[in-house]
Amino acid sequence: MLVGHTNGSLPTAKGPCVAKKKAAPKARRRWFWPIVKWAGIYGFVAITAFSAVSYGLILYLAQSLPHPRDALVASGAAPIQIVAKDGSALANYGPNQGDWVEYADIPPDMINAIMAIEDRRFFNHGGLDFIGIVRAAASNLRAGGITEGGSTITQQLAKNLYLTPSRTITRKLREAMLAIALEQRFTKQEILAAYLNRVYLGSGAYGIEAASYRYFGKSARTLSLGEAALIAGVVKAPSRLSPKADLKASLARRDLVLRAMARDAYILEGEADLVAALPLKLISTSSDPQLRYFTDWVSAQVRERYPTGDKRLKVFTTLDPKAQAAARAAVRSHLPLDHAPTKGLQTALVALADDGAIQAMIGGRDYRRSSYNRAVQSVRQPGSAFKTFVYLAALENGLSPASKLRDTPIQLGDYAPKNYGGRYSGQLLTLADAFSRSVNTIAVKLGERVDRPRVAAMAKRLGVQTPIVVEPSISLGTSEVKILELAAAYTAVANGGYRVMPYAIAAVRLPRGDALQPFPGKEGPKADAQQVLDPRVAWQMASLMERAVTRGTGKNAKRANRPVAGKTGTTQRGQDGWFVGFSDRLSVAVWVGRDDNAPVKGLTGGGMPARIWGDFIASAQHGEKPGGLARRPGGPNKALQALETASGS
């Protein structure tokens, strides 16, 4: 009889082993299920605690968040509007945050368009759209990259107002918590209105009001369906999809918004097609891209003075729209874009009033291809245009326009200047004749006679601030100068001997008209202008310059029936061509050359630069009654008559 087998089964050879295996699962259950039970308990407690802390933090955030109306976009710089001297708008810089538009005043088409393209379930989620996140993830997997985002309008608002644009997990978590907090604090209508009033919509416009004025010239309250769809489409990539940046891409995106609105039954399918076929009337911010040379320069000066802030600044400048249009036309007439014979040539033009106020500025041939402002940044050799300072020093030193010097070769050590064309008359020439013909030998002899440092000092006294190299060739303009400062120096001759500091900014005001202090710094009108030339010397010099136009190398500058005076300038090998002078109202410098300093075949100051100068004066002063060059009684016109009598010409 077998003992221990009460179930009546027979023992086997492996019986004891089988019995041990059946006991093992019971042993595992003894320690496995307690671990699961306590892990669940502790996990539930941890999740509950985390949820409570998170919810408490969200409630705290919700209570501490400022109203989106008061949370301005952190731009780091004040928006700037630049206007001409007649008050007409020239340019806008920096962020433009439009006036707040209440939810009730936002067109339904604008609301529907932004929801259709950005957040279809906006009124049905609590700040996070998990369905949208899953859908975006699936789309990105199919595309093999990030093509669609899952952020809600509330998340975008949280990021725009309270966070940086960095792409980190920490920032996304903060964004999610802030989105939930916003939903706890504000109504859906308040959130949507805040989003539409604060979102960046390209071309410096923040909010639908600013964008509507920027693109359509009207309030967002009156946006049509097509206009609302275009603005909604810009949100995805404002810099790329702005109609000012890429109209074709912007319209394609607008059509996508219209199809999304039709999909969600905000409009009919046929209505979407009809609106997409209608022409869109966009306003032009500026018909003259060349204005950007001037407005960029002005904006930089204002930014230096007012680097940050959220106050919109209105900058009143000295620019004369008529003169600016004349400058653009004159340059374009002689240097048309994509003109093969003049390929590679650049130009600059600046015009000043008698007090140094800048009336017109062209900094290059085409701003869209090169924003480098040659009028204020470039330094070039002035060539014979520098002879004016040599003759001024001679006149101040007791010589007169009737004084005579012989046109013969001169040798100064290794330096042996030559006349243009390599010819010498050998004759005694009056200073008037030598200046009008731009005789190099006589200019160098004058420079040596009055002393080179005195010539350099004359240029500095009249406003040339670029360091001048005092060497034997100084009299022929081998020391580089800026175009703007050369125009300013000639203005001191035109206005009877008063040094001017060129300026472009007359005043800066806040939007409500509160006047700021007059714009500080060296750019500004000077009531106590310093007289740096004896009026008689200035008048004598003006007479020489007038003769250079009527009888000398500057004949091409005489394009209008009014008195003008000036001097040509051509550097060695034709690298630079200049004409600098003045009319009865304006002082103007024109330069033509290449940025790489390569020689230009056939370029002389009396050629293209003089013609551009003359056309500019003729157009800028068209319709004005001609006046005399003299700014004071007994000026250069009478001096010229006396000069002609004395020289027997």
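The protein chain exposes about 30,800 Å² of surface, and carbon and sulfur atoms supply 55% of that area. The model is a predicted one. Of the chain's 649 residues, 50% count as buried.

The average pLDDT of the protein chain is 83, and 76% of the residues score at least 70. Where pLDDT is low, the predicted coordinates should not be read in detail.

The secondary structure of the chain comes to 21 helices and 15 strands. Taking the contacts between residues at least 6 apart in sequence, 72% join residues at least 24 apart.

The buried residues are Lys188, Ile191, Leu192, Ala193, Ala194, Tyr195, Leu196, Asn197 and Arg198.

The next step is to look at pairs of helices. Two packed helices are described by the angle between their axes and the distance between the axes. Helix 17, residues 452-462, takes part in two such pairs, described here in turn.

One partner is helix 16, residues 440-450; the two axes lie 6 Å apart and the packing angle is about 100°. Angles of 65 to 115 degrees count as roughly perpendicular, and that makes helix 16 roughly perpendicular to helix 17. On the side of helix 16, the contact is made by Gly447, Glu448 and Val450, and on the side of helix 17 by Arg452, Arg454 and Val455. By class, these residues divide into two nonpolar, one polar and three charged.

The other partner is helix 14, residues 387-396, whose axis comes within 8 Å of the axis of helix 17 and crosses it at roughly 105°. Helix 14 and helix 17 are therefore roughly perpendicular to each other. Helix 14 contributes Phe389, Val390, Leu392, Ala393 and Glu396 to the contact, while helix 17 contributes Arg454, Val455, Met458, Ala459, Arg461 and Leu462. This contact has eight nonpolar, no polar and three charged residues.

Terms used
Residues numbered from 1 in each chain as written. Predicted model: local features only at pLDDT ≥ 70, side-chain atom pairs only at ≥ 80, totals over all residues. Heavy atoms only, no water. pLDDT = per-residue confidence, 0-100. Helix = DSSP H or I, 4+ residues; strand = E, 2+ residues; numbered from the N terminus. Buried < 20%, exposed > 50% of the residue type's maximum accessible area, 1.4 Å probe, protein only. Contact = heavy atoms within 4.5 Å. Areas by Shrake-Rupley, 256 points an atom, 1.4 Å probe, with all protein chains shown as cover. Axes fitted to C-alpha atoms, helices over the stretch in contact; angles between N-to-C directions. Parallel < 35°, antiparallel > 145°, perpendicular 65-115°, else oblique. Nonpolar A, V, L, I, M, F, W, Y, C, P; charged D, E, K, R; others polar.
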